[in-house]
Amino acid sequence: MLVSTWNVNSVRARLPRLVQWLESAKPDVVCLQELKCVDEQFPREEIEALGYQIAAYGQKTYNGVAILSKRRFDDVFYGMRSDPPDSDRRVIGAQIGDVFVVSVYVVNGQEVGSPKYAYKLDWMNRLRDELRTRYDFNEKVIVAGDFNVTFDDRDVHDPKAWHEKILCSTPERERLSALVDLGLADSFRKFHADGGHYTWWDFRTRGFQRGMGLRIDHILMSPAALDACGDVWIDKEARDGEKPSDHAPVLARLEP
DNA sequence: ATGGTGGATTTTCCA
């Protein structure tokens, strides 16, 4: 089973690239982030035509997450059970056979010290609570998405320039580690110990063309899922070419 | 150097 995550930065703007990628990569499960449209606008027919079931949780203009699956969903949940409920649509989860899959789009946070940064840290606390109370981590649990946080400086093209900056600050990394402490490993690191592997490059600085990226998209796995995982890789080609997203997809192969 | 590009929606927000 091939499980993947991709922040598409508008599913409608990315539709031709997404269709092309689904046809070539042939993932069984896809966690999408930043749909940037309501569910009525989701290009359902084009994706169903490729043999996927769709569970979407979108909103106007911002955020929005979905899960695509070749196999039918046994169960789906929409959003966190926090009080008050999340004002943004950033989390969706589904049971697909014996695997529990969550697609997450973590708050960006704008800048360290800003109100949005404080919100990000609180939101990540709430995500931890949601996952902790929802799942039995003896099962196969996969939490994939745009976490908007690097694990350590191996995930950063220029650690000096990014030191304690947004996406790289210690409080953000502590909260990402707190998710790992639930029993959710960074699956990419099972196969790649070296740095220099990135999933996001800023449009504004033409980061992709200059090799200036960060690894902020992750596939976290419970021990049973990680045991079944034979490889994890970043599809950099999907970040190249005409009208790309600013993120590359991450893929993981699991033995049945 | 607080820019730059890209998306959605709109003369601006967000990333």
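## Cavity lining and the open sheet

Q: Which strands each supply at least two residues of the lining of the largest cavity?
A: The model is predicted, with local features needing pLDDT of at least 70 and side-chain atom pairs counting only at pLDDT 80 or more, while totals for linings use all residues. Strands are DSSP runs (E, at least two residues), numbered from the N terminus, and residues are numbered from 1 along each chain. Lining residues have an atom within 4 Å of a cavity point, a cavity being a set of points on a 1 Å grid where a 1.4 Å probe fits but cannot get out. Those supplying at least two such residues each are strand 12 (217-221) and strand 13.

Q: Which strand gives the most to the lining of the largest cavity?
A: The lining includes Asp217, His218 and Ile219, as well as Val232, Ile234 and Val250. The largest contribution, 3 residues, comes from strand 12.

Q: How much space lies in the largest cavity?
A: The whole structure holds 1 cavity of 30 Å³ or more. Volume is the space filled by probe spheres set on the grid points, which are joined across faces, edges and corners. For the largest cavity this amounts to about 40 Å³.

Q: What is the bridge partner of Ile234 in strand 14?
A: Strand 13 and strand 14 (residues 250-254) pair in the antiparallel sense over 5 bridges; pairing requires at least two bridges found by DSSP. Ile234 also belongs to the cavity lining. Its bridge partner in strand 14 is Val250.

Q: Which are the edge strands of the open sheet of 6 strands?
A: The strand order is 3-4-2-1-14-13, with mixed pairing. Each edge strand pairs on one side only, and these are strand 3 (53-57) and strand 13 (229-234).

Definitions and conventions. Chains lettered and ligands numbered in written order. Heavy atoms only, no water. Helix = DSSP H or I, 4+ residues; strand = E, 2+ residues; numbered from the N terminus. 1 Å grid on protein atoms, 1.4 Å probe; cavity = no way out; pocket = protein on both sides within 12 Å on 5 of 7 lines; lining within 4 Å.
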